[in-house]
Amino acid sequence: MQPNRRLSDFLPLKFANGQEIKQFSKPCVSCGTMLHAKDMNGVARLVEDHIAIAAKAHCHSCGADFGVACVINSQKQVKRVVLPRLLFNWYLRSLPLQERETAPQAMVRNLPLPEERDAREDAAELARMTPPASSMQPREIIRATETLGRFQEKPIPAWLILDGTRFEFDRIAPDARTQEGEYLLDGCLIYRAS
Ligand SMILES: [Zn+2]
């Protein structure tokens, strides 16, 4: 079994499609200070086309310790892991180095909407991102006053009305990558037409 190490020792990790994760950051759950891979101890592994992370972060600012367990796909979307972090950490450390058969995908699910309240906890900020311009340029944007939590100190509106069409919050995309029919708000929040 591999020992836990500073996460920064595992980076960069490269996906088969050439995308690379050079940095992994996450705000402290208690004070919001941005913590980086060097502040986290655990394991980061490339498993199939996912990068799986199970670590414990230590905030140098307020002293808080908290767990980080997530999987990043080759589109750099971050998903939460359902398994308890310690079990996931153990699983990742136990994988033989060349393991390719076992995908962590089975342990991952897309978050249903109410759990997006924890989105700030789920999201990792990936360095060196240049957000592509959103193709959608609505003239009028109405933001819901109802919010689903906060991400990087900004509220996440539950929905938007863009030129009269309602869009529901879909996900956080630290790489600002949108698909057809989606709208990018504040550089990282993605909404879909409902
Ligand atoms: Zn803190």
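Tutor: Let's start with arginine 192 and glutamate 182, which form a salt bridge whose closest N and O atoms are 2.6 Å apart. Arginine 192 lies in strand S16 (residues 189-193) and glutamate 182 in strand S15 (residues 182-185), so this pair ties together parts that are 10 residues apart in sequence. Do keep in mind as we go that this is a predicted model.

The two partners sit in contrasting surroundings. Glutamate 182 is buried, with a relative accessible area of 2%, which is under the 20% cut-off for that class. Arginine 192, at 35% relative accessibility, counts as partly exposed.

Arginine 166 and glutamate 168 form a salt bridge, with the closest N and O atoms 2.6 Å apart. Here glutamate 168 is partly exposed, at a relative accessible area of 24%, and arginine 166 is partly exposed too, at 35%. Elsewhere, the side chains of lysine 22 and glutamate 20 meet in a salt bridge at 2.9 Å, N to O. Lysine 22 counts as partly exposed at 42% relative accessibility, and glutamate 20 is partly exposed at 24%. The count of salt bridges comes to seven. As a general point, side chains of opposite charge can pair when their charged atoms come close.

Now for the nonpolar side of the picture. The largest nonpolar core has 33 residues, of which Leu7, Phe24, Ile53 and Leu92 touch the most other members. Strand S6 (40-47), strand S7 (50-58), strand S8 (65-73) and H1 each supply at least two residues of this core, and S7 gives the most, with six residues. Another core, of 15 residues, lies apart from it, and its members include Ala144, Leu148, Ile172 and Leu185.

Leaving aside neighbours within four places in sequence, isoleucine 53 is in contact with residues including Leu7, Phe24, Val43, Val68, Phe88 and Leu92. Isoleucine 53 also stands opposite cysteine 70 in S8. S7 and S8 pair in the antiparallel sense over nine bridges, and they belong to an open sheet of five strands in the order S1-S6-S7-S8-S9, with antiparallel pairing. Strand S1 (5-6) and strand S9 (78-80) are the edge strands, each pairing on one side only.

Helix H1 meets this sheet through its buried residues, which pack against S6, S7 and S8. Those buried residues are Phe88, Asn89, Tyr91, Leu92 and Arg93. Together with Met1 and Trp90, Leu87 forms a nonpolar patch on the surface, with about 350 Å² of accessible area in total.

Stepping back to the whole chain, the secondary structure comes to two helices and 16 strands. Buried residues make up 45% of the 194 residues. Among contacts between residues at least 6 apart in sequence, 54% join residues at least 24 apart. The accessible surface comes to about 9,900 Å², and 49% of it belongs to carbon and sulfur atoms.

Note on methods:
Residues are numbered from 1 along each chain as its sequence is written. This is a predicted model: local features need pLDDT of at least 70, side-chain atom pairs count only at pLDDT 80 or more; totals for chains, interfaces and linings use all residues. Side-chain values use heavy atoms; hydrogens and water are left out. Patches are made of residues with over 30% relative accessible area and no salt bridge: like charges are joined within 9 Å, nonpolar side chains (Val, Leu, Ile, Met, Phe, Trp, Tyr) within 5 Å. Accessible areas come from the Shrake-Rupley method with a 1.4 Å probe; for residues, only the protein chains shown count as cover. A salt bridge is a side-chain nitrogen of Lys or Arg within 4 Å of a carboxyl oxygen of Asp or Glu. A nonpolar core is a set of buried Ala, Val, Leu, Ile, Met, Phe, Trp, Tyr and Cys residues joined through side-chain atoms within 4.5 Å. Buried means under 20% relative accessible area, exposed over 50%, partly exposed in between (1.4 Å probe, protein chains only). Helices (H or I, at least four residues) and strands (E, at least two) are DSSP runs, numbered from the N terminus. Contact means heavy atoms within 4.5 Å. Two strands pair if DSSP finds at least two bridges between them.
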